[in-house]
Amino acid sequence: MSATVVVGCQYGDEGKGKIVDLMSRSMDWVARFQGGANAGHTVVIGRKTYVLHLVPSGILHPKTKCVIGHGVVVDPIELLKEIQMLREKDIELDGRLFLSDCAHVILPYHKWLESLDAHDVRVGTTKRGIGPAYEQKYARTGIRVYEFIDPDRFRQRLQEHGEVLERVFRGAGVEPPQPIDRAIEEWVDEYSKVADQIRGFVSETMTLLGDAWRRGEKILCEGAQGTLLDVDMGTYPFVTSSTTTAAGAASGLGLPPSAIRKVVGICKAYATRVGEGPFTSELLGSEAEALREQGGEYGATTGRPRRVGWLDLVALRHAVRVNGIQSLVLTKLDVLSGRTTVPVVIAYDGPNGRMTIPPRDPRALDACRPVIEERPGWSDDLSKVRRYPDLPEAVRDYVEWVGEQVECPVGIVSVGSGRNQVIRVPRSRSQVTAPA
Ligand code: GDP
């Protein structure tokens, strides 16, 4: 059959968790392909809220199998905590959760290294050691899961890293948080116990998924963060360490690119960003505070207040193009209720004139001023609406106009955090046809 990729169109926190949960119902597999436990997907089912950082949210559907692919960097302790949380909530995991034997592991010294790195501090990382783990992956010194679960190899690899750590801390003239040789002994001890508990989930997931695809099973590839945080296609250097865009699904899972038949982009009806970096549509002051409060824009993982701004069609157009998005999901429309007008960024004015695709150099981006169009607002509470024709006209106009502007139809709109608070946009209304 085919693989579908779900990606964030903005800076993450677009509400992917809920939409992945919705789409998972009809999937045989849901697979995470990049990132680490810095992504916090929130899924609300009835009275229960599940915040998942590593395990794909598809795990909440009993028939769906879930994969943490080799493109993910895995903190084994975080993974174990999540496994325990899910078991406590009676979610069956055996035979349903598979961890790639080739994923890289995050260990405490990755967090030590992150605190030494001025850039990581500046871009506002979540201090989970994700950046340093990816650095080691690409330096070809990282520890993969198959080494982690083999006690002798793990000890040997840790000792090698211990020698490097000694040199790094000595070179930086900084005392490590604890003597390195003692720390290594403690880690061997502590992490061997963790390895014992996750060994049963370890699998050769590339073959597992490749076979599933050949058998015609349906695979959903779940992206974390968003397009503008992609290491290549985002606002470099204020980006994450992985390929968050659709192409990352193939490399991060080992699926052939030709397996990907559909790309769905999740976009919030306004914008938020965490950490430093260009944010052309950003709002400041009381207007920002009001939108942040209305949207509950505080990090699921860190609790940090998010920067907020208006929907940026220049950035969204970029996301549609680089991911090849065929259908958009517009989330949190309910948050915009109660405004006479809804401002949207339709272009940038830069030193060289008007732009409808963002410049890549962050300095050029910083020099851009947003061109804002005020769209008609609406006052109605949208949270109980379930049918597209029942939405106020201004909302339908907004949805269809956004699709036209970025040349990609909006297929679904979301009007609340609950599983059922979604509305399908009839095909005839999503007037735009994306390239096949
Ligand atoms: P993700 O990282 O993209 O999965 O985003 P999160 O799950 O961290 O953030 C989305 C937050 O918004 C969660 O608390 C969701 O429950 C909530 N959410 C998702 N869709 C909607 C929506 O349409 N309206 C409202 N009000 N909240 C939503």
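A polar contact is taken here as a pair of N or O atoms within 3.5 Å; within protein, one must be able to donate a hydrogen and the other to accept it, and residues adjacent in sequence count only if both atoms are side-chain atoms. The model is predicted, so local features need pLDDT of at least 70 and side-chain atom pairs count only at pLDDT 80 or more, while totals for chains, interfaces and linings use all residues. Residues are numbered from 1 along each chain as its sequence is written, and side-chain values use heavy atoms, with hydrogens and water left out.

The side chain of Gln-421 reaches two backbone nitrogens, that of Gly-418 at 2.8 Å and that of Ser-417 at 3.2 Å. Gln-421 counts as buried because its relative accessibility is 15%, where buried means under 20% relative accessible area, exposed over 50%, and partly exposed in between (1.4 Å probe, protein chains only).

The loop between β18 and β19 also holds Arg-419, which is joined to Asp-21 in helix α1 (residues 16-24), 398 residues apart. Arg-419 is partly exposed, at 23% relative accessible area, whereas Asp-21 is buried at 1%.

In total, the structure holds 19 salt bridges. Another of these pairs Glu-297 with Arg-306, again with the closest N and O atoms 2.7 Å apart, and both residues are buried. Glu-297 and Arg-306 belong to a network of salt bridges that also links Asp-13, Lys-268 and Lys-332. Asp-390 and Arg-387 meet in a salt bridge as well, at 3.1 Å from N to O, and Asp-390 is partly exposed, with a relative accessible area of 45%.

Turning to the helices, α5 (residues 130-138) is largely enclosed by the rest of the structure because 7 of its 9 residues are buried. Among them are Ile-130, Pro-132 and Tyr-134. After α5 comes Arg-140, with a positive phi near 60°. In helix α3 (residues 108-116) lies Leu-113, which is buried at 18% relative accessibility. Leu-113 and Phe-169 are 56 residues apart in sequence, and their C-alpha atoms are 8.8 Å apart in space.

Definitions and conventions. Helix = DSSP H or I, 4+ residues; strand = E, 2+ residues; numbered from the N terminus. Salt bridge = Lys/Arg side-chain N within 4 Å of Asp/Glu carboxyl O.
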